[in-house]
Amino acid sequence: MSRSPDAIRVLHVDDDPQLAELAATYLEREDDRIDVETATNASEGLDRVGDGDVDCVVSDYDMPGKNGIEFLEAVREDRPELPFILYTGKGSEEVASDAIASGVTDYLQKESGTGQYAVLANRIANAVEQYRTGQRAAELDRIRTLASEINTAIVRADSRNAVERRVCEIISDSEPYRFAWIGEVHAETGRIEPRVSAGVERGYLDGITITTDESATGRGPAGTAIRERRVAVSQDITEDDDFDPWESAAVERGFRSVAALPLEYQDTLYGALAVYADRPNAFDATERELLAELGDDIAHVIHSFEVRESLREERDFVDQALDSLTDVFYVIDTDGTFRRWNDHLVEAVGYSDEAIEGMRATELFPEDERDRIRAAMEETLTTGEAAVESVVLTAGGERVPYEFAGSSLTDRDGELVGIIGIGRDLTERKRRERRLSRLVDNLPGMVYRCANEPGWPMEDVRGEVTELTGYRPSELEDDESVYGERVIHPEDREAVWESIQKAIERREPFEITYRIRTRDGEAKWVWERGRATYDDGGEAVALEGFVTDVTDHEHHRRAIDALHETVRSVMRAETAERAVEISIDTVHDVLDMPASAVHLHDEDEDKLVPVAWTDMTEELVGEPPVFELGEGLAGEAFESGEPVIYGDISEVSEPFNPDTPVRSEIILPLGDHGVLLIGSTEPGAFDDVDVSLAETVAAHTTTALDRIERERELERQNEQLDEFASIVSHDLRNPLNAAEGYLDLFRSDRDDEHLDAVARAHDRIGALIDDLLELAREGAEVTDAEPVDLARLVEDCWENVDTGSATLVVDAESAVLADRSRLAQLLENLIRNSVEHSSTGSRATPGDSVEHGSTGTRTESGDSVEHGDDDVTITVGDLDDGFYVADDGPGIPEADRERIFESGYSTREDGTGFGLAIVKEVADAHGCDVRVTESEAGGARFEITGFERAG
């Protein structure tokens, strides 16, 4: 631990160790400030003195090696002021004389008795006090000198960086300091980042981290000084726990104590100064006071530089801002002479700064413009502001159009001192105006400005006005009601007014499509986009916008809407013939393409047979021909599956009919069903829009034909299933009924356990037949779904199944769109499976059956359930798009989970293997998925997902 500043560390050198130890004991008793360390010879004593932590040396004279005088002389070479007392038993005037000549502090001869130690202790205390008094005087002188040098340096410095660097250099060159640095706090990281340093550093600052928080890296002197705004000191870094993070690096460089002080001026923190000394306890109260004063002085100087820098930056910023303006900036005195200007004025007029300095502002204008400029200047000085457009006459004689805007300039007392203003070069604006005029003339429509009033009186209208409306621009501008009362269609006027007023209320641009009537009565659709302009009171005073002809686009959009309506009819068609008839009518009525036909693929003939066509088609080509696959343009398009558009069939090398009057043709494959042909007697009759609309019709027709084909296939499958069910019902049920009847007759005469086995076999056959019939019927897709309340259906199903002592928990609140009857069959099978699979008998082996029984509600001998003590709990709950059925039974082995939904799969002898197959069939019919996993209780959990929620 660190010793007290009042402690006296004594080195007693004597070749008699016992005598030295005895003396040490009595000295420490006499004065508790004294702490004695002993050495037996001069060489050892010099090593101890070299360590630097000795306040006084007490030495014998007669010792082996160097004697006391020689030892004194050696000490004086490095420590000339260190108190040295010669304490010897061999006293003589010669020894005393030599000692005094060598600079001994005191001389004392050893005597008998212990009283001599009190004298020696007193001599030591006096010598150390005198030494320390001298040291303090020297320190004070050093401190004053240091302060003077620093103050002189900071006064002479010309920048903040120079101040900080010179301070660190002066401090590090002054004993006992070895190193000094100044740092500032990083705003984002909170670390103290060094700015400058001087002295013995050797990478010290590169390897340390100092923060200002309460963490380990923030409790050192620098962090504390910043955080607490005070001088913070570590008097002995080897004994200071708060200095642990940096101790090793500091000691390695000879640092023993550290002081840090905040550089703060008027509550503004500019950083911290850290000073490192080569001895402990280097920073006494006087030293700390000096450092605090130095910190104030340094912070004040830094503040001054910061203020000066800020003012300089502000001045430079203003100058740079003015010079960076693309406009001319100027200040004119009341007599009209230039007082200040930016570089752009020099560039604009071609005169030098020196020439402008003696000029009046009016001299920059032609003679015929100067009176207007004087009047504008006088107006500015009188009213406070004015603006004027004129041409500037440059030094080279060029006339450049400019707009000037000025305001009166006053001093702090309100006295008029001149005019401040800007001048803007109008060359580019004039050029843009001309370019804009040409652009407006080339727009596919008209641009306008009109009043926000009924009738839309036009103030300015340009562009293709006549082409769009039939009226000349002047006619719309001169007559306030022409556009609103003659051009806008009567049926749309009210809607146009209301739409625009709503946009104005929301202060938003408006877009609107409406009809107009041209001067000669032609109806057109137009699209308008515009926005209001507002006065200072927020009132809409005018509208500005653009109007363009969108008649073709609107017809196209309406055709698309009509197509969407016909899609419903096509999709409702029950036969392919009806579907293509609707498509042909759509092409004729909606797309306005009178010649079209549809050929469908006849699978028996393997040909493209005409099924539907328009009257115009028959007028042009007669009854459409039958095409062989690959024959003609239609046959080729069908086989390739790619649409073909011909602008002129006469240019095709091998048309089906070279004499056909059809010149343009669109051929669109309808999947593998056939082709749609659309023709015209005009070459190049179909544009991209026509083709796009025709392809839309073809796509919907193909979809309808696909659906009709699927439905026919489904009907065939259902017929096969019905036939299968009939065969099973008749050919299997009747013999089974006969067998059961004969068995009953036979059992009435005798009781035989083998007959019971036969009865169980009959029951199993019956269950198999029921399940096979149900499985056959479940293959059909669900077409009539209705909202089904899951909770209510589960409770109904629970009543239909023999559940014994099982428990039902319903945690479902949703409703799904489903076939209620078939969803009930699914739930009953899952409930029955959980009950039977979880019975005592079922739990005997891990490989036990995972499903049992049929979808029927009867309980037969082969389906009986033995309920033991382990009653099962079955839970039905909601999922995001379905529900789950879970139990706390033994679960389903993972190896069986992939096969349990296979028809006929069962691990029990009495299992039919169809119960869970029916579950999957019902789920598939609803377009849903079913999977099995483990429940939270370790049992089975079936998840059925893919349902659409109802409501």
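Reader: What share of the contacts in the chain with a separation of 6 or more comes from residues 24 or more positions apart?

Author: A contact, to begin with the idea, means heavy atoms within 4.5 Å, and in this chain residues 24 or more positions apart account for 58% of the contacts with a separation of 6 or more. Please keep in mind that this is a predicted model, in which local features need pLDDT of at least 70 and side-chain atom pairs count only at pLDDT 80 or more, while totals for chains, interfaces and linings use all residues. Residues are numbered from 1 along each chain as its sequence is written, and side-chain values use heavy atoms, with hydrogens and water left out.

Reader: How many helices and strands does the secondary structure of the chain come to?

Author: Helices (H or I, at least four residues) and strands (E, at least two) are DSSP runs, numbered from the N terminus, and here the chain has 26 helices and 33 strands.

Reader: What percentage of the 951 residues of the chain count as buried?

Author: A residue is called buried under 20% relative accessible area, exposed over 50%, and partly exposed in between (1.4 Å probe, protein chains only). By that rule 44% of the 951 residues count as buried.

Reader: Which residues are buried in α1?

Author: They are A20, A23, A24 and L27. Seen down the axis of α1, these buried residues fall within an arc of 105° (taken over the directions from the helix axis to the C-beta atoms), so they line one face of the helix. On the other side of α1, Q18 and R29 are exposed, while the cover over the buried residues includes β1 (8-13), β2 (34-39) and α5 (115-156).

Reader: What span does α1 reach from its first C-alpha to its last?

Author: The expected span of a helix is 1.5 Å times one less than its number of residues. Helix α1, with 14 residues (17-30), reaches 20 Å, close to the 20 Å expected. At the start of α1, a side-chain oxygen of D16 comes to within 3.2 Å of the backbone nitrogen of Q18.

Reader: Which residues are buried in helix α24?

Author: In α24, which covers residues 790-800, L790, A791, L793, V794, C797 and W798 are buried. Viewed down the axis of α24, they fall within an arc of 160°, so they line one face of the helix. R792 and E799 are exposed on the other side of α24, and among the elements covering the buried residues are β27 (786-789), α25 (820-837) and β31 (882-887). The N-terminal end of α24 is capped by D789, a side-chain oxygen of which lies 3.1 Å from the backbone nitrogen of A791.

Reader: How many salt bridges does a search of the whole structure find?

Author: Side chains of opposite charge can pair when their charged atoms come close. The cut-off for a salt bridge is a side-chain nitrogen of Lys or Arg within 4 Å of a carboxyl oxygen of Asp or Glu, and the search finds 42 of them. One of these joins R166 and E169 (3.2 Å, N to O), which both lie in helix α6 (residues 160-172), three residues apart, about one turn of the helix. R166 is partly exposed at 37% relative accessibility, and E169 is partly exposed at 30%.

Reader: Where in the chain do R219 and D242 lie?

Author: R219 forms a salt bridge with D242, with the closest N and O atoms 3.7 Å apart. This pair links distant parts of the chain, 23 residues apart, with R219 in the loop between β7 (192-199) and α7 (221-228) and D242 in the loop between β8 (232-234) and α8 (244-252).

Reader: Are R370 and E367 buried or exposed?

Author: R370 is buried, with a relative accessible area of 18%, whereas E367 is exposed at 61%. Their side chains meet in a salt bridge (3.1 Å, N to O), and both residues lie in helix α12 (residues 367-383).

Reader: What polar contact does the side chain of R132 make?

Author: A polar contact is a pair of N or O atoms within 3.5 Å; within protein, one must be able to donate a hydrogen and the other to accept it, and residues adjacent in sequence count only if both atoms are side-chain atoms. R132, in helix α5, is buried at 17% relative accessibility, and its side chain makes such a contact with the side chain of D55 (3.1 Å).

Reader: How many disulfides does the structure hold?

Author: A disulfide is a covalent bond between the sulfur atoms of two cysteines. Counted as a pair of cysteine sulfur atoms within 2.5 Å, the structure holds zero disulfides. Among its cysteines, C450 is buried at 2% relative accessibility, and C928 is buried with a relative accessible area of 2%.
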